Amino acid sequence: MKKSARKTPIRRALLDESELLPRVADGLAALKKIDRECFEREIRNTFADSLDLDEAMRPGRDRDHRWDYLLGHHVSETVIAVEPHSAAQGEVSVVISKCARAKEQLRDHLRDGVKIAKWLWVASGKVTFSGIEKAARQLDQHGVEFVGTRVAAKHLPTAPPSGTTRVAKKPRRMRKK
């Protein structure tokens with residue numbers, strides 16, 4: 001995977017000694033090609049880095065539930081978690097379990113105070129919930145948002161978290177002619 005010297009959201013979130021750090025890739029390079037299709041084309045370039053968390057956490061946890069991806073969102077300077085997964089009523093508890101396990105698995109890798117800004121579940125096929133409202137309530141209680149068949153701009157954080165400062169560029173002055 002391509003490494004970058006610049007500090008992108010996931011790289012900043014991980015401890016220097018984390019074994020996940022070398023697995024972080026620039027942009028969406030860590031995602032399987034089919035999973036990139038779960039993102040609207042217009043937002044794909046807003047991700048600074050990515051991590052295939054499922055593969056990174058697989059050794060010794062073959063039978064555990066594992067979340068698929070972490071993505072560093074450049075616009076908000078946050079890390080979001082995305083799970084492309086079949087969207088059926090019986091899968092709600094599986095996705096909730098994956099989220100809970102991922103939070104446990106990441107505990108020893110994230111810097112103090114770092115939180116995953118959003119946990120998004122995107123359908124990897126047709127949506128076949130019998131009661132979307134009930135499923136949405138269950139997911140919401142566990143901090144997971146079901147986004148349908150595509151992750152769109154409306155699902156992403158819009159600004160850096162409070163306490164984060166970003167340096168704005170000075171506006172260029174127009175020359176008088």
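## Overview

Of the 177 residues of the protein chain, 46% count as buried. The model described here is a predicted one. Its secondary structure comes to five helices and six strands, and from the N terminus on these elements follow the order α-β-α-β-α-β-β-α-β-α-β.

Contacts across the sequence can also be summarised. Among contacts in the protein chain with a separation of 6 or more, 68% are accounted for by residues 24 or more positions apart.

## The pair of helices H4 and H5

Two packed helices are described by the angle between their axes and the distance between the axes. Helix H4 spans residues 92-106 and helix H5 spans residues 132-141; their axes come within 10 Å and cross at roughly 15°. Angles under 35 degrees count as roughly parallel, and H4 and H5 are therefore roughly parallel to each other. Their crossing is right-handed.

On the H4 side, the residues that meet H5 are Val92, Val95 and Ile96. Their partners in H5 are Ala135, Gln138 and Leu139. The residues of this contact divide into five nonpolar, one polar and no charged.

In soluble globular proteins, nonpolar side chains tend to be buried together. The largest nonpolar core of this model holds 30 residues, of which Leu53, Trp67, Leu70, Trp119 and Trp121 touch the most other members. At least two residues of this core are supplied by each of helix H1 (9-13), helix H3 (53-57), strand S4 (78-88), H4, strand S5 (118-128), H5 and strand S6 (144-146). The largest share, six residues, comes from H4.

Trp119 has contacts in several parts of the sequence. Leaving aside its neighbours within four places in sequence, Trp119 is in contact with Trp67 and Ala81, with Cys99, Ala102, Lys103 and Leu106, and with Gly143, Val144 and Glu145.

Thr46 is placed in the loop between helix H2 (33-36) and strand S2 (47-52). The cut-off for a buried residue is under 20% relative accessible area, so Thr46, at 16% relative accessibility, counts as buried. Not counting residues up to four places away in sequence, Thr46 touches Gly72, His73, His74, Val75 and Leu156. The C-alpha atoms of Thr46 and Leu28 are separated by 9.5 Å, with the two residues 18 apart along the chain.

Ile34, by contrast, has its place in helix H2 and counts as exposed, at 65% relative accessibility. Ile34 and Pro84 are 50 residues apart along the chain, and their C-alpha atoms are separated by 9.7 Å.

## Arg12 and Glu77

Arg12 lies in helix H1 and is partly exposed, with a relative accessible area of 33%. Not counting residues up to four places away in sequence, Arg12 touches Lys7, Glu77 and Arg111. Arg12 and Glu77 are 65 residues apart along the chain, and 9.6 Å separates their C-alpha atoms.

Glu77 itself belongs to the loop between strand S3 (69-73) and S4. Most residues other than glycine have a negative phi. Glu77 is not a glycine, although it has a positive phi of about 55°.

How values were computed: Residues numbered from 1 in each chain as written. Predicted model: local features only at pLDDT ≥ 70, side-chain atom pairs only at ≥ 80, totals over all residues. Heavy atoms only, no water. Axes fitted to C-alpha atoms, helices over the stretch in contact; angles between N-to-C directions. Helix = DSSP H or I, 4+ residues; strand = E, 2+ residues; numbered from the N terminus. Parallel < 35°, antiparallel > 145°, perpendicular 65-115°, else oblique. Left-handed = near helix turned anticlockwise from the far one by under 90°. Contact = heavy atoms within 4.5 Å. Nonpolar A, V, L, I, M, F, W, Y, C, P; charged D, E, K, R; others polar. Core = buried A, V, L, I, M, F, W, Y, C linked by side-chain atoms within 4.5 Å. Buried < 20%, exposed > 50% of the residue type's maximum accessible area, 1.4 Å probe, protein only.
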